[in-house]
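Hi,

Could you take a look at the structure below before we next talk? My notes come after it.

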Amino acid sequence: MEYSTATRFLDSITQFKVYEDYLDSKVTPMDLFYLKSRELARKLVELGHKGTVLSREEFEEKKAAAQAAEAAKSNTFYNRTWPVTLASAGKELKDNFLKALAEREEANRSGKMTSVIFIRDHNTLGQEVSGYIDYAHRLKTQDFEPYFSGKKRLMPGRSDLCYYNWRTQVSTSNSSPNFEVIYDDPNGLLFKNKRDKKILNVDPLSGPGEDSNRTFLQSDLYIHVVIYDHSIRTV
């Protein structure tokens with residue numbers, strides 16, 4: 001039942017071509033009658049005055065996930081020996097964060113490495129948000145070409161490993177195909193790799209753990225960025 005509900009939700013997302021269409025689906029004729037402005041009606045929906053709604057980043061993330069799932073389902077002749085296509089290939093990257101993502105893309109796509117990205121910045125509504133992103137999982141469910149080309153900014157959402165909105169105080173945590181979230185440990189927030197069962201510690205005052213490295217980055221795109229790399233040993 002849980003799977004079918006999630007599937008129906010993703011299917012419903014794909015019916016909207018853009019985020020504005022999604023907002024319009026929640027605007028009623030009565031709203032337009034009193035507000036006299038579709039833009040204002042959309043803004044009220046986006047701000048949550050008509051109930052919980054997806055942010056623009058979350059909408060695009062879920063739509064991309066739904067499209068990727070559909071593409072994987074239809075491609076029955078997928079061959080794992082095919083060369084990995086890198087979204088960062090041929091891009092002239094200037095920001096340190098995008099360069100770091102490009103350096104890790106092949107390893108995360110191939111399974112040699114699983115990286116966790118911490119980002120703190122402001123969303124499209126000007127609200128400060130922060131969160132931890134499973135990079136390898138996002139690469140499988142999203143098209144990263146717009147991120148590497150500068151058309152979009154990678155931001156944490158409520159479906160990522162951890163997410164916190166400092167304005168609304170909304171907080172979420174979700175395990176991913178690569179990591180189990182451990183948030184009730186005395187040592188603080190931890191991520192347990194599902195393949196080798198090793199712990200990734202994101203506490204800046206502690207070591208990141210066995211086979212893991214922490215990289216602090218100066219970026220012109222974000223307030224605060226840290227990348228945690230966990231290498232998967234193949235014995």
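Here is what I found, starting with how to read the model.

This is a predicted model, so local features need pLDDT of at least 70, side-chain atom pairs count only at pLDDT 80 or more, and totals for chains, interfaces and linings use all residues. Residues are numbered from 1 along each chain as its sequence is written, and side-chain values use heavy atoms, with hydrogens and water left out.

**The sheets**

A quick word on terms: helices (H or I, at least four residues) and strands (E, at least two) are DSSP runs, numbered from the N terminus. Two strands pair if DSSP finds at least two bridges between them.

(Axes are lines fitted to C-alpha atoms, for helices over the stretch in contact, and angles run from 0 to 180 degrees between N-to-C directions.) Seven bridges join strand 1 (residues 113-122) and strand 2 (residues 128-134) in the antiparallel sense.

Strand 5 and strand 6 are held in antiparallel pairing by four bridges, and F179 stands opposite N193 in strand 6. Strand 6 (residues 190-193) also pairs with strand 7, antiparallel over three bridges. There, L190 faces N201 and K192 faces I199. The hairpin of strand 6 and strand 7 has five residues between the strands, and K197 in this hairpin takes a positive phi near 65°.

One thing to keep in mind while you look: in a regular strand the side chains alternate between the two faces of the sheet.

**Around F97**

Beyond its neighbours within four places in sequence, F97 is in contact (heavy atoms within 4.5 Å) with I117, I119, L154, L217, S219, Y222, V225 and I227.

F97 also belongs to the largest nonpolar core, which has 22 residues; F97, L101, I117, I119, F144 and L154 touch the most other members. Such a core is a set of buried Ala, Val, Leu, Ile, Met, Phe, Trp, Tyr and Cys residues joined through side-chain atoms within 4.5 Å. Helix 6 gives the most to this core, with four residues. There is a second, separate core of twelve residues, and F118, L161, C162 and V226 are among them.

**Aromatic rings**

Rings of Phe, Tyr and Trp (its six-membered ring) pair if their centres lie within 6.5 Å; planes under 30 degrees apart count as stacked, over 60 as edge-to-face and the rest as tilted. By this rule there are 13 aromatic pairs. F97 and Y222 form an edge-to-face pair, 5.1 Å centre to centre with 80° between the planes. This pair links distant parts of the chain, 125 residues apart: F97 is in helix 6, and Y222 is in the loop between strand 8 and strand 9. Y222 is buried too, at 7% relative accessible area.

In the pair of F179 and F191, the ring centres are 6.3 Å apart and the planes are at 65°, so this pair is edge-to-face. F179 is in strand 5 and F191 in strand 6, so the pair ties together parts twelve residues apart in sequence. F179 is buried at 0% relative accessible area, and F191 counts as buried at 0%. F118, Y132, F179, F191 and Y228 form one aromatic cluster.

Conventions:
Buried < 20%, exposed > 50% of the residue type's maximum accessible area, 1.4 Å probe, protein only.
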